[in-house]
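The following note sets out points for a colleague who wishes to examine this structure.

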Amino acid sequence: MADWNFCPQCATPLSMITLEEDSGPQARLRCPACDFTHWNNPVPVLAAIVEIDGKVLLARNAAWPGKMYALITGFMEAGESPQEGIAREVKEETNLDVLSTNLVGAYEFLRMNQVIIAYHVVAEGEVRLSPELVDYRLYDLADLKCWPAGTGYALADWLRTRGHEPVFFTAEENAERRRP
């Protein structure tokens, strides 16, 4: 997310100003001229555990290191429900048609100031990746490893519902998968 330097209402430079709020004194970026407040609320991000023929699809983003694969994710658009958004993201990124969606849960991703809304989706069709993605792999549930971040915790929670105790990457394995 870009840093906020100027008020979007009047273009005055924003300042860190402490004001009394419902929860007590709160320092936030505020406009000293027109009282605009930049709330810096988390952004909703949608994630899909995509199941095709009993296997889970993990994909690699073009900007990621070669060993890093994860869930299909994307931003929710104005005017769509989370279920509509995740079906759209799966279609845009993989060309798969979503047959069903089931909520797995909501997960924090503090580093990116995001709240991840994760779904398990059953999909069908022929995988054709968007230019955003460069590779994908299909995994049997027993072969999946989870990563210690928001979508990795969603995958772990979903695996438990399927009778699998999740296995997480060790710190060394996770560092290796993130290395260029």
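**Notes on the predicted model**

1. The lining of the largest pocket draws at least two residues from each of E4, E5, strand E6 (72-75), helix H1 (82-94), E8, H2 and helix H3 (171-178). The model is a predicted one. Of the elements that contribute, E6 supplies the largest share of the lining, four residues.

2. The volume of this largest pocket is about 770 Å³. It is lined by 30 residues, and those closest to its centre are Trp 64, Thr 73, Phe 109, Met 112 and Gln 114.

3. The largest nonpolar core has 21 residues, of which Val 56, Leu 58, Leu 144, Leu 155, Trp 158 and Leu 159 touch the most other members. Strand E4 (43-52), strand E5 (55-61), strand E8 (114-124) and helix H2 (150-161) each supply at least two residues of this core. The largest share, five residues, is contributed by H2. As a general matter, nonpolar side chains in soluble globular proteins tend to be buried together.

4. Which residues does Val 56 touch, not counting those up to four places away in sequence? The residues touched by Val 56 on that basis are Ile 49, Val 50, Arg 137, Leu 138, Tyr 139, Leu 141, Leu 144 and Trp 158. A second, separate core has 16 residues, including Ile 52, Ala 59, Leu 96 and Ile 117.

5. The whole structure contains 13 salt bridges. One of them pairs Glu 21 with Arg 30, and their closest N and O atoms are 2.6 Å apart. Are these two partners buried or exposed? Glu 21 has a relative accessible area of 17% and is therefore buried, the cut-off being under 20%. Arg 30 has a relative accessible area of 4%, so Arg 30 is buried as well.

6. The salt bridge between Glu 176 and Arg 179 has an N to O distance of 3.1 Å. Its partners can be set against the pair in the preceding point. Glu 176 is partly exposed, at a relative accessible area of 31%, and Arg 179 likewise counts as partly exposed, at 45% relative accessibility.

7. Salt bridges with shared partners join Glu 80, Arg 88, Glu 89 and Glu 92 into one network. Within this group, Arg 88 forms a salt bridge with Glu 89, and the closest N and O atoms of that pair are 3.0 Å apart. Glu 89 counts as buried because its relative accessibility is 7%.

8. Asp 97 lies in strand E7 (residues 97-109). With 38% relative accessibility, Asp 97 counts as partly exposed. Where sequence neighbours within four places are left aside, the contacts of Asp 97 are Lys 91, Val 122, Ala 123 and Glu 124. The C-alpha atoms of Asp 97 and Ala 87 are 7.3 Å apart in space, and the two residues are 10 residues apart in sequence.

Technical notes. Residues are numbered from 1 along each chain as its sequence is written. This is a predicted model: local features need pLDDT of at least 70, side-chain atom pairs count only at pLDDT 80 or more; totals for chains, interfaces and linings use all residues. Side-chain values use heavy atoms; hydrogens and water are left out. A nonpolar core is a set of buried Ala, Val, Leu, Ile, Met, Phe, Trp, Tyr and Cys residues joined through side-chain atoms within 4.5 Å. Buried means under 20% relative accessible area, exposed over 50%, partly exposed in between (1.4 Å probe, protein chains only). Contact means heavy atoms within 4.5 Å. On a 1 Å grid over the protein atoms alone, a cavity is a set of points where a 1.4 Å probe fits but cannot get out, and a pocket is an open set with protein on both sides within 12 Å along at least five of seven lines; lining residues have an atom within 4 Å of a point. Grid points are joined across faces, edges and corners, and a volume is the space filled by probe spheres set on the points. A salt bridge is a side-chain nitrogen of Lys or Arg within 4 Å of a carboxyl oxygen of Asp or Glu.
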